Amino acid sequence: SLEKNKRIPLTNSAIDYSNNWNSPTRATPDLFCECNKKSAKESKVNVPNNAMGEQLAYSGKCYAGIFLVSHGYYREFLQTTLNSPLEPGKEYLFKMQVSLSDYSTLAADKIGVCFLNSPVKLQHSNPILNLHPNYISLEEEIGLDIKDWHELTFKYKAKGGESVLLIGAFAIKRIWITGNTPPPELSTPLTKNFERDAYYY
């Protein structure tokens with residue numbers, strides 16, 4: 001989960017506040033956490049109300065957010081180290097909760113998940129193209145719904161030794177317009193003129 005953090009963030013791009021999760025590239029995923037009443041007034045990443053929309057945490061008080069598609073080739077990914085390496089030949093059931101943000105102007109067709117033997121560290125914010133992720137359909141499982149969390153699952157047969165989990169948009173084939181827009185008075189990365197479009201919690 002996203003509960004173990006160095007401190008509660010108040011601004012975007014604070015995934016480094018997490019003790020367990022990080023960005024494998026120079027992109028800047030967001031960390032959202034429930035604030036106290038005083039901090040909530042200035043926080044852009046509060047739970048449930050924040051600069052990307054409104055969403056309660058599925059469990060606990062925190063969650064992450066990433067742009068699957070944004071101004072050209074910009075992509076965001078989330079990376080974490082597993083508690084123990086996967087065993088060779090063993091089948092694992094992967095589960096995660098995903099929600100399309102309220103103000104996301106686009107939706108993407110799929111999200112990719114990789115199990116790796118070592119962490120990724122790249123000096124760019126473009127798509128990661130040299131891996132072979134397992135894809136889960138967002139179009140079928142979430143569509144344009146912005147209200148609920150959706151459980152995405154797949155079975156993975158381990159090669160053995162995988163110790164890192166990497167999540168993000170490795171390849172997008174289809175995007176479509178949601179019709180969602182942030183309130184005009186709200187300052188949010190989704191209102192910048194960079195085609196920052198498909199955003200998911």
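**Figure 1. The lining of the largest pocket comprises 23 nonpolar, nine polar and three charged residues.** In this classification Ala, Val, Leu, Ile, Met, Phe, Trp, Tyr, Cys and Pro count as nonpolar, Asp, Glu, Lys and Arg as charged, and the others, Gly among them, as polar. The structure is a predicted model, in which local features need pLDDT of at least 70 and side-chain atom pairs count only at pLDDT 80 or more, while totals for chains, interfaces and linings use all residues. Residues are numbered from 1 along each chain as its sequence is written, and side-chain values use heavy atoms, with hydrogens and water left out. The volume of the largest pocket is about 1,000 Å³. Of its 35 lining residues, those closest to the centre are Ser-1, Leu-2, Trp-21, Lys-95 and Leu-165. A pocket is an open set of points on a 1 Å grid over the protein atoms alone where a 1.4 Å probe fits, with protein on both sides within 12 Å along at least five of seven lines; lining residues have an atom within 4 Å of a point. Grid points are joined across faces, edges and corners, and a volume is the space filled by probe spheres set on the points. At least two lining residues come from each of strands E5, E6 (77-81), E7 (91-98), E9 (110-116) and E12 (164-168). Strand E7 gives the largest share, seven residues. Strands (E, at least two residues) and helices (H or I, at least four) are DSSP runs numbered from the N terminus.

**Figure 2. The second largest pocket holds about 210 Å³ of space.** Its lining is formed by Cys-114, Phe-115, Leu-116, Asn-117, Leu-131, His-132, Asn-134, Tyr-156, Lys-159 and Glu-162. By class, these comprise five nonpolar, three polar and two charged residues. Strand E9 supplies the largest share of this lining, three residues. Cys-114, one of the lining residues, is buried because its relative accessibility is 3%. Buried means under 20% relative accessible area, exposed over 50%, and partly exposed in between (1.4 Å probe, protein chains only).

**Figure 3. Cys-33 and Cys-62 form a disulfide.** A disulfide is a covalent bond between the sulfur atoms of two cysteines; here it is assigned to a pair of cysteine sulfur atoms within 2.5 Å. The count by this rule is one disulfide, and the sulfur atoms of Cys-33 and Cys-62 are 2.2 Å apart. The torsion about their S-S bond is about 115°, so the disulfide is right-handed. Because Cys-33 lies in strand E2 and Cys-62 in strand E5 (residues 62-70), the pair ties together parts that are 29 residues apart in sequence. Both cysteines are buried, Cys-33 at 0% relative accessibility and Cys-62 at 9%. Cys-35, by contrast, takes part in no disulfide, and the nearest cysteine sulfur, that of Cys-33, is 7.4 Å away.

**Figure 4. Pro-24 occupies the loop between strand E1 (21-22) and strand E2 (30-33).** Pro-24 has 0% relative accessibility and is therefore classed as buried. With neighbours within four places in sequence left aside, Pro-24 is in contact with Phe-77, Leu-78, Gln-79, Val-120, Lys-121, Leu-122, Ile-128 and Leu-166. Contact means heavy atoms within 4.5 Å. Val-69, 45 residues from Pro-24 along the chain, has its C-alpha atom 16 Å from that of Pro-24.

**Figure 5. Backbone details are shown at Pro-48 and Ser-13.** The peptide bond that joins Val-47 and Pro-48 is cis, with omega about 10°. Pro-48 belongs to the loop between helix H1 (37-40) and strand E3 (49-50). Ser-13, although not a glycine, has a positive phi of about 65°. Ser-13 is placed in the segment before E1 and is partly exposed, at 38% relative accessible area.

**Figure 6. The protein chain contains two helices and 14 strands.** The C-alpha trace spans about 55 × 35 × 30 Å along its principal axes. Buried residues account for 51% of the 201 residues. Of the contacts between residues at least 6 apart in sequence, 77% join residues at least 24 apart.
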